[in-house]
Amino acid sequence: MDNPTDPSVKASPRPRGARTLRRLGALVLAIAALIVIVALAPNDTVTSGDISRVMVDDTLNQARTEGAPQQTVVNGWTARDLLELTAKQGVEARDHRPAALLALLVLGMCLALATSEPAAPRPYGPGELLEPLWVPRALLGSAEQDSDGQRS
């Protein structure tokens, strides 16, 4: 029967095939991420020509106004046209890259878990507890005493 605390028993190294599979999977995920970044980039639906057209219309309409009430109406038309362009850009230019990159990240984590080596056996028995190395004894609440009765 194998003893998990026996130092002569060593964990089997990760097979060479798992290492190759991990590297190949990482390469495939990197290529997929580049494709996602380039291919799923949102298209610009509003061009500078559309904005220039609205501004030229505004300039021509402003030249024909006579007084503040007519200028207010023309400014309203211009604002409406610019808001239409903004709404068109917001509806048609959705960016799906973050969701696709997150899915690739999850696949990469699954690949890493599937190809990682098993955990090493614990160096202590099943009923033993190790004292944390980073916590000072004074903070543990129970100071031990030496054989001569002094606190350590």
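**Helix α1 and its cover**

The accessible surface of the protein comes to about 12,400 Å², of which 62% belongs to carbon and sulfur atoms (Shrake-Rupley method, 1.4 Å probe; for residues, only the protein chains shown count as cover). This is a predicted model, in which local features need pLDDT of at least 70 and side-chain atom pairs count only at pLDDT 80 or more, while totals for chains, interfaces and linings use all residues. Residues are numbered from 1 along each chain as its sequence is written, and side-chain values use heavy atoms, with hydrogens and water left out.

The protein has five helices and zero strands (DSSP runs numbered from the N terminus: helices are H or I with at least four residues, strands E with at least two). Of its 152 residues, 12% count as buried (under 20% relative accessible area, 1.4 Å probe, protein chains only).

Helix α1 covers residues 16-39, and its 24 residues should span 34 Å at 1.5 Å a residue; the end C-alpha atoms are 34 Å apart, in agreement (the expected span is 1.5 Å times one less than the number of residues). Ala-18, Gly-25, Leu-29 and Val-36 are its buried residues, and their cover includes α4 (97-115).

Leu-29 and Val-36 also belong to the largest nonpolar core, together with Ala-100, Leu-104 and Leu-111 (buried Ala, Val, Leu, Ile, Met, Phe, Trp, Tyr and Cys residues joined through side-chain atoms within 4.5 Å). Two or more residues of this core come from each of α1 and α4, and α4 gives the most, with three. Beyond its neighbours within four places in sequence, Leu-29 is in contact with Leu-104, Leu-107, Gly-108 and Leu-111 (heavy atoms within 4.5 Å).

Terms used:
Buried means under 20% relative accessible area, exposed over 50%, partly exposed in between (1.4 Å probe, protein chains only).
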